[in-house]
Structures are given as structure tokens and as C-alpha cells.
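Please look through the sequence and the model shown here, and then follow the report below, which goes from terms and numbering to the parts of the structure.

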There are 2 protein chains.
Amino acid sequence: MKLLDGKMIAAQIKREIAADVAKNMLDKSIPAPHIAAVLVGDDPASQSYVAGKEKACREVGFLSSIYRFPASIPESQLLEIVDFLNQDSEIDGFIVQLPLPKHINAQKIIEQINPQKDIDGFHPVNVGKMVLNLPGFLPATPFGIVTLLDRYDIETEGKNCVILGRSNIVGTPLSILLSRKTKRGNSTVTLCHSLTKNISDIAREADILVVAMGKPESVTADMIKQNAVVIDVGIHRVPSVESKSGFVLKGDLKFDEVSKKCSYVTPVPGGVGPMTIASLLLNALKAAKKEVK
Amino acid sequence: MKLLDGKMIAAQIKREIAADVAKNMLDKSIPAPHIAAVLVGDDPASQSYVAGKEKACREVGFLSSIYRFPASIPESQLLEIVDFLNQDSEIDGFIVQLPLPKHINAQKIIEQINPQKDIDGFHPVNVGKMVLNLPGFLPATPFGIVTLLDRYDIETEGKNCVILGRSNIVGTPLSILLSRKTKRGNSTVTLCHSLTKNISDIAREADILVVAMGKPESVTADMIKQNAVVIDVGIHRVPSVESKSGFVLKGDLKFDEVSKKCSYVTPVPGGVGPMTIASLLLNALKAAKKEVK
């Protein structure tokens with residue numbers, strides 16, 4: 001069993017981005033990419049994600065700005081802020097950190113974002129371009145997973161890929177990416193979800209299994225084909241007396257037993273998480289280079 | 001074995017549309033929906049499709065206009081025509097019949113269409129909205145297939161659906177529709193294609209099998225699970241001495257042997273084809289009612 005070391009690959013990608021920015025932008029007096037994050041309310045998880053993104057920007061030499069607003073901000077005002085960022089020529093791309101407070105229609109906010117600055121890849125036009133294999137922004141987590149497979153040179157063509165979980169930001173777009181006619185696509189993909197019957201039987205047929213169900217340690221060794229490649233998208237704080245913080249991070253896999261059957265497996269933490277951030281940076285670089293029309 | 005009689009269901013849908021137009025539009029002095037087709041060149045298949053669509057429009061009381069251009073039309077001029085139709089307030093929706101001559105970038109033409117008039121559902125923003133389960137136009141063939149399942153009250157929830165063929169206009173969008181969290185969705189979908197291994201084994205696991213590979217009579221009885229629901233998207237002219245015209249229409253199924261194992265199966269002709277046209281009319285009605293923003 002080999003670990004798919006997302007932390008290491010993400011660090012490598014960040015070095016590549018930093019070198020690219022230095023050589024092709026800063027040395028030519030072109031300003032560094034500048035990305036913005038809009039953070040509404042004081043959800044601790046959202047704050048931590050945005051802080052992580054800001055840190056990653058600093059590491060690669062990007063400029064970053066965080067726009068913070070109270071949870072009480074009216075939807076109309078948030079739409080105006082999106083318009084402001086759409087028009088601000090100094091901002092190459094931006095994200096609106098989700099979830100948003102209930103009085104705000106998140107979909108309406110997302111659709112207001114200029115697709116050319118939509119580095120999260122959540123705007124319908126970017127989702128459609130992904131399906132049609134046209135240039136656009138790919139959602140960061142599926143993009144990160146495909147990149148991880150690519151960096152480890154894991155063949156996907158003709159493989160049976162099974163994805164557990166059909167969310168709009170992970171499972172569904174990943175099912176599209178892996179079945180498209182592209183280098184790390186061309187798989188035969190089965191997309192499973194809460195209403196799938198015999199999920200264990202289906203998982204056990206997978207050459208490549210991606211688990212994104214959001215249930216800690218729910219995937220067991222009996223669901224895994226010998227020598228499968230297994231990607232764990234879950235990340236959960238599980239209480240633990242053995243940790244000083246009082247919790248440990250666990251994925252959707254029962255890692256100790258599953259990993260023994262895998263040819264490759266992602267750890268949690270240090271697998272998909274860092275790849276998601278690296279992919280967001282790749283999208284930001286693409287936006288700054290105006291590669292998406 | 002029961003036939004999924006697309007011709008009958010399409011006729012029923014057309015009567016419903018005609019009644020809707022009469023009651024909610026004509027009787028209120030609102031003009032009938034008006035759709036346009038842009039036809040470039042003189043491909044016989046394209047001419048026949050467009051003629052079929054025009055006939056269907058007449059049957060339901062829609063107005064229809066056909067804009068014909070020689071194959072030599074420059075791309076820039078076709079883009080202007082699209083703009084003209086985008087702006088023409090009398091046209092509720094339109095299609096540009098594909099394929100287009102090679103000197104024209106079809107994708108560029110499609111992206112020029114105002115998504116609110118894109119009754120083919122091919123514009124990336126409509127494709128993205130389909131993925132995200134937002135109101136938009138669904139591509140006509142997958143929409144027709146789901147409608148056919150619905151009219152026959154065939155349960156899809158929790159069923160294993162296998163789709164053979166991953167085209168942008170049939171297989172891929174249908175895989176999305178059938179796995180979404182909707183009434184005739186919630187299936188466990190496997191999308192197969194030319195690079196899939198063991199395609200017969202996978203097909204044989206299908207409760208619902210959709211065949212859209214474009215190879216006449218290539219799916220045989222050994223690929224079918226007993227009592228499966230089988231949908232045949234193929235339509236091919238096959239030479240025949242028994243027919244006056246010198247050819248007969250065949251689907252992707254070896255119908256005689258496959259149909260014996262099915263609980264439901266679509267005939268060719270008279271299955272998916274008429275449903276595609278009915279779905280285009282449903283999209284046109286939606287466009288005329290300004291239900292898609």
C-alpha cells in the first residue's frame with residue numbers, strides 16, 4: 001500500500017505556481033494574481049477555511065483580500081458586493097465562502113459572480129463547460145482528486161470508478177470529470193448515493209473508489225476490492241482522549257483495515273484537503289492569466 | 001413484454017400542449033409560441049429533422065419559421081443571425097440544426113444563443129443548470145426518455161441504470177438526469193462508453209438499460225437482465241430487400257431477441273424519436289411562458 005500524499009503534491013504544485021508567478025509575472029512587472037474571499041458571519045469552520053486559503057495565497061506570492069460581513073447582511077447588499085468584485089479590475093478571481101446565512105439565496109449569489117472570476121467553479125456556466133469539456137474553472141475538490149491521480153500516474157482509462165456521494169461540489173462533478181474523454185478521464189463511472197441499493201457490492205467492484213459520503217469511518221475493508229485505489233474525501237473531528245485537543249481527524253474510511261487492501265490510499269488529514277486548496281490556487285492563476293473567456 | 005409507445009405518449013403530450021396553448025394563450029389573446037429553426041446547407045437528415053419539427057409545431061398550434069442558409073455562409077454571419085433571433089421579441093425560442101459545416105465552430109454558435117431561447121438545452125449555462133437541478137431547458141432526447149419512463153410510471157429510485165454511450169446530447173446528460181435527486185431520478189447510474197471493459201457484464205446488471213451507442217443491432221439478448229426496462233436511442237437505415245424503399249429502420253438493439261427478456265422496451269421507430277420532438281415542444285412552451293430566467 002502506498003499513500004497518495006496530497007500534502008506533498010500540493011506543496012509541489014505550490015512551488016510550481018510560485019516559480020511561475022515569479023518568472024512570468026513579477027519579473028515582467030505584471031502584478032501577482034490577486035484573489036478575494038467574501039466571508040459572511042462567524043462560522044468557525046468557514047473562518048478556518050478562509051484563513052487556510054489566505055495562507056496558501058501568501059505561500060505562492062498571490063495577493064489576497066478578505067471581505068468580512070456580519071451574518072445579518074441583507075442579500076441585496078451581498079449581491080452589490082459581488083458586483084463590486086466583478087468590476088474591480090485588480091481582483092482576478094474570488095470566492096464567496098459557503099454556507100451563507102439562511103436569509104440569503106446562495107444560488108442567486110453564485111449566479112451573480114462573473115464566470116471569468118468564479119475560481120470555485122460553482123457558476124452554472126462553468127459546471128456546463130466542465131460537462132462539455134470546454135475551458136472553464138473546475139470545482140476545486142474534484143479537480144484536486146484528478147490532479148492527485150495524475151501526479152501518481154494512476155491510469156483511469158477503462159477502469160471501473162465508483163463514487164459514493166452525489167453532492168454538487170464533489171461527487172457529481174467528479175463523476176463527470178472521470179467519465180469525460182480526457183487523459184485522466186475515460187473511466188466507467190458509477191455514481192452512488194443514499195438511495196443506492198447494495199452499495200457494498202458496487203463499491204467492491206471498483207478499481208478506483210472515491211468516498212464522499214460525510215460519515216466518519218463508515219467504509220470498511222469488506223467493501224474494498226483487493227489492490228483498489230481509494231480516495232477519502234471525508235474529514236471529521238472525532239472526540240478522542242488520546243489527543244491533547246480532545247479530538248482527532250478521521251475520514252469516511254476505517255483507515256486501518258481499508259488501507260491494507262489498497263494499492264493506493266489517501267490519508268486524512270493530508271490527502272484530498274491540501275489538493276483542494278492547491279486546485280483553487282491553480283484556478284486563480286488561470287483567472288489571472290485570463291485563460292478562461 | 002410491454003412496448004414503451006413513444007409515438008402514443010408524444011401524441012398525448014401534443015394534445016396537452018395544444019389544449020394549453022388554446023386555453024391559456026389564444027383564448028386570452030396571447031400569441032401562440034413562435035419557434036425558429038436555423039438550417040445551414042442541404043444535409044438530407046437535417047432537412048428531414050427540421051421538417052419534422054415544423055410539422056409538430058403546426059400540430060400543436062405553434063408558429064414556426066425556418067431560416068435557410070447555404071453551406072457557404074461565413075461563421076460571422078451565422079453569429080449575426082443568432083443575435084438577430086436572440087433580439088427578435090416575436091421568437092420565443094430557436095434551434096440551430098446540427099451538424100454545421102466544418103468551417104463553422106458549432107460550439108461558438110451555441111454559446112451565442114440567448115440561454116432563455118435555447119430550447120435545445122445545449123448552451124453551457126443550461127447544461128450546468130441541469131447538473132445543479134435548477135430551472136432551465138433540458139436537452140430534448142434525455143428529457144424525452146425521462147418523460148416516457150414517467151408516463152409509464154416506471155420507478156427509477158434505487159434502480160441500477162446503465163447507459164451505453166456518453167455523447168453530450170444523450171448519454172452524458174441522461175446520466176445526470178437519472179442520478180439527480182428528483183422524482184424520475186435517484187437511480188444508481190453507470191455511464192459506459194467505447195473504452196468500457198466488460199460492457200456486457202455491466203449491461204446485464206441493469207434494471208434500466210439505455211442504449212445510445214449508434215451501432216445498429218449491436219445489443220444482444222445475453223446483455224440483458226431478465227425483466228429489464230430497455231430504451232433504444234439508436235435509429236439507422238439498414239438496407240432491406242423486403243421494403244419498397246430499399247431500407248428499414250433499426251435501432252441499437254437486436255429487437256426480436258432482446259424484447260423477449262424485457263419488462264418494457266421501446267420500439268424503433270416510434271419510441272424515443274417522437275419523444276424527442278415532444279420534448280422540444282415542451283421546451284418551446286416553457287420558453288414562450290418565460291418560465292426560464
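## Terms and numbering

Two strands are said to pair if DSSP finds at least two bridges between them. Strands (E, at least two residues) and helices (H or I, at least four) are themselves DSSP runs, numbered from the N terminus.

This is a predicted model, in which local features need pLDDT of at least 70 and side-chain atom pairs count only at pLDDT 80 or more, while totals for chains, interfaces and linings use all residues. Residues are numbered from 1 along each chain as its sequence is written, and chains are lettered from A and ligands numbered from 1 in the order in which they are written.

## How the two chains meet

The strands S6 (residues 188–192) of chain A and S6(B) run antiparallel and are joined by three bridges. Within this pairing, A:Val189 has B:Leu191 of S6(B) opposite to it.

The contact between the chains (two residues are in contact if their C-beta atoms, placed from the backbone, lie within 7 Å) takes 26 residues from chain B and 26 residues from chain A. On the side of chain B that touches chain A, two or more residues each come from helix H5 (124–131), helix H7 (171–179) and strand S6 (188–192) of chain B, and H5(B) provides the largest share, seven residues. Sorted by class, this side of chain B has 11 nonpolar, 11 polar and four charged residues; here Ala, Val, Leu, Ile, Met, Phe, Trp, Tyr, Cys and Pro count as nonpolar, Asp, Glu, Lys and Arg as charged, and the others, Gly among them, as polar.

The same surface serves both copies, since 100% of the contact residues of chain B recur in chain A.

An open sheet of 12 strands, with mixed pairing, has the order S1(A)-S11(A)-S8(A)-S7(A)-S5(A)-S6(A)-S6(B)-S5(B)-S7(B)-S8(B)-S11(B)-S1(B). At its edges stand strand S1 (2–3) of chain A and strand S1 (2–3) of chain B, each with a single partner strand, so one side of each is left without a neighbour in the sheet. Strand S5 (residues 160–164) of chain A pairs with S6(A) in the parallel sense over five bridges, and A:Val162 has A:Thr190 as its bridge partner in S6(A). H7(B) packs on the sheet, where it touches S6 of chain A together with strand S5 (160–164), S6 and strand S7 (208–211) of chain B, and its direction makes about 170 degrees with that of S6(B). For such angles, axes are lines fitted to C-alpha atoms, for helices over the stretch in contact, and the angles run from 0 to 180 degrees between N-to-C directions.

A residue counts as buried if 20 or more other C-beta atoms lie within 10 Å of its own, as exposed if 12 or fewer do, and as partly exposed in between, with C-beta atoms placed from the backbone. Nine of the nine residues of H7(B) are buried, so this helix is largely enclosed by the rest of the structure; among them are B:Pro173, B:Leu174 and B:Ile176. S5(B) is mostly covered as well, with five of its five residues buried: B:Asn160, B:Val162 and B:Leu164 lie on one side, and B:Cys161 and B:Ile163 on the other.

## The three-stranded sheet of chain A

Chain A also has an open sheet of three strands with parallel pairing, in the order S3-S2-S4. Its edge strands, strand S3 (63–69) and strand S4 (93–96) of chain A, each pair on one side only, and the twist averages 15 degrees from one strand to the next. Strand S2 (residues 34–40) of chain A runs parallel to S3(A), to which seven bridges join it, and A:Val40 stands opposite A:Phe69 of S3(A). Helix H3 (residues 75–87) of chain A packs on this sheet, touching S2, S3 and S4 of chain A, and its direction makes about 175 degrees with that of S2(A).

## An exposed loop residue

A:Pro135 lies in the loop between helix H5 (124–131) and helix H6 (140–151) of chain A, and it counts as exposed because it has 11 C-beta neighbours inside 10 Å. Not counting residues up to four places away in sequence, A:Pro135 touches A:Lys129, A:Glu291 and A:Val292.
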